[in-house]
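Hi,

Here is the structure I promised to pass on. Have a look at it first, then read my notes below.

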Amino acid sequence: TECFAAAATLKVPANASHAVVSETSLPSGCSIVEAKDKTTKVYFNTNTQGSQCGGGTLFSGAGSAISNVSMQLMLNATGSGLATISLTGPDGVWFGVGMNAQAMEDLPYAIIVNGTGGVMERKMGNHLPGTQLTDSITVQSNSVVNGVRSIVMTRPLQGLTKDHFTFNPFTQSTLPFISAVGNSSAFAIHRFKGSSKITVTAQDGVSCVCNAGVQGSINGLGFHKNCVPEPYGDLVQQKNPTCWVQTYQGGLHCCHHNWILLDQDQNPWMNITDNYHLKFRFWYEEYDPAGPSHTALPRVYYQTEAWSTEYDIPKKMDSTPAGAAVHQITAHWQVHQMVRPEPGAKGIELIYAGGHCHAPSCLSMELYHADTGRLLCRHDPVYGQGEGKFGENGYLALPPCLWGSAEEGLESPVLLPFNANMTSIKRNNNTYAHYGEMASWQMRGAYVF
């Protein structure tokens with residue numbers, strides 16, 4: 001049945017027994033019971049008056065997001081609670097896992113093992129190494145056999161800080177995670193990466209098996225989209241194809257390192273290496289230690305596509321006139337969701353705002369202070385007409401919004417309290433359909449105290 005097939009995907013032992021029953025002592029529907037003698041039974045209970053799911057204090061699960069890195073969890077919820085985390089990966093290079101995430105943009109708590117077996121905990125950045133955290137892990141064993149390092153660690157279920165992940169098997173039985181392995185012994189850019197999920201089941205209780213919808217992967221990488229519903233974003237309500245693996249047509253999930261979107265016999269880069277050079281130029285002002293000559297500008301970020309990272313532009317209906325071929329999405333959020341509040345600060349003032357959208361269909365992006373209705377920033381792409389620098393034919397520019405002093409010819413910045421409501425509106429020409437479109441706001445601001 002569907003129940004037994006679903007249980008098999010949760011790493012239930014192959015020798016687990018199956019039974020269809022009608023009992024009030026078991027939860028209605030599909031459930032797994034793992035006894036203390038390690039035997040496992042999967043039940044489908046037809047009785048609609050069944051008991052509650054849960055119970056038990058010892059939970060376990062295992063999973064692997066890439067072939068050479070695996071993780072096993074043992075969560076003991078008695079007393080203050082203890083998590084036992086077992087990782088395996090290649091010796092000589094770093095490898096690691098990030099908890100409760102399907103991509104680095106989820107900013108996960110991560111455990112990194114370097115090439116010599118050293119362990120550190122980090123709060124990851126968005127495709128950035130992030131920051132190292134205070135140690136909360138105790139290494140219980142660390143060994144290498146046939147080039148494979150196995151390390152067993154323990155730490156409290158409760159995170160040491162807000163940046164340390166907290167394990168709670170009572171409220172989160174399925175844990176999404178990412179893993180990666182590098183080229184070097186020291187932590188640096190990854191060589192391979194992947195995402196998956198671990199489902200922990202009670203070893204002395206009853207775990208219910210629920211239908212979480214269609215799951216899938218693309219070229220071995222787990223597919224995950226965090227399309228949030230109204231009023232935060234429009235994509236779920238519009239049924240945008242980007243949100244679900246069964247309707248996904250293309251975009252970021254089809255473009256990863258060393259992926260070539262051609263048939264194997266069409267690969268024009270076989271055994272060819274391109275060498276290239278980058279040149280950077282920086283303008284700066286000397287720091288004046290006698291006074292606060294510079295102000296830190298933290299990154300401020302939000303997505304109109306509401307954490308899908310990308311979305312599809314659907315083709316207009318044939319009956320829609322060309323001049324009315326406009327597709328629109330909106331998003332609503334509060335300031336504290338786009339920048340981390342600083343203790344003691346009243347809010348933030350934007351200094352720079354740059355909307356991110358793709359040519360040639362991007363028509364406009366608008367950012368509003370929703371509480372006052374004030375338009376803070378609007379982007380209208382400027383198309384080159386063949387004159388001057390950045391005005392060449394075919395050149396497309398998206399001039400950013402800037403705030404500063406009147407002496408600089410700029411508008412004064414607006415104080416945005418952390419509980420202020422924001423709205424973004426993005427419009428695209430949809431004469432033709434395309435995918436991988438973006439609508440994020442990449443900004444910088446200054447805390448106001």
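A quick definition to start: Ala, Val, Leu, Ile, Met, Phe, Trp, Tyr, Cys and Pro count as nonpolar, Asp, Glu, Lys and Arg as charged, and the others, Gly among them, as polar.

This is a predicted model, where local features need pLDDT of at least 70 and side-chain atom pairs count only at 80 or more, while totals for chains, interfaces and linings use all residues. Residues are numbered from 1 along each chain as its sequence is written, and side-chain values use heavy atoms, leaving out hydrogens and water.

Now the holes. A cavity is a set of points on a 1 Å grid over the protein atoms alone where a 1.4 Å probe fits but cannot get out, and its lining residues have an atom within 4 Å of a point. Points are joined across faces, edges and corners, and the volume is the space filled by probe spheres set on them. The whole structure has 2 cavities of 30 Å³ or more.

Leu350, Leu376, Trp403, Val414 and Leu416 line it, which makes 5 nonpolar, no polar and no charged residues.

There's also an open, antiparallel sheet of 6 strands, ordered S10-S9-S8-S7-S13-S14. Strands are DSSP runs (E, at least two residues) numbered from the N terminus, and two of them pair if DSSP finds at least two bridges between them. S10 (128-132) and S14 (190-199) are the edge strands, each pairing on one side only.

Cheers

Methods. On a 1 Å grid over the protein atoms alone, a cavity is a set of points where a 1.4 Å probe fits but cannot get out, and a pocket is an open set with protein on both sides within 12 Å along at least five of seven lines; lining residues have an atom within 4 Å of a point. Helices (H or I, at least four residues) and strands (E, at least two) are DSSP runs, numbered from the N terminus.
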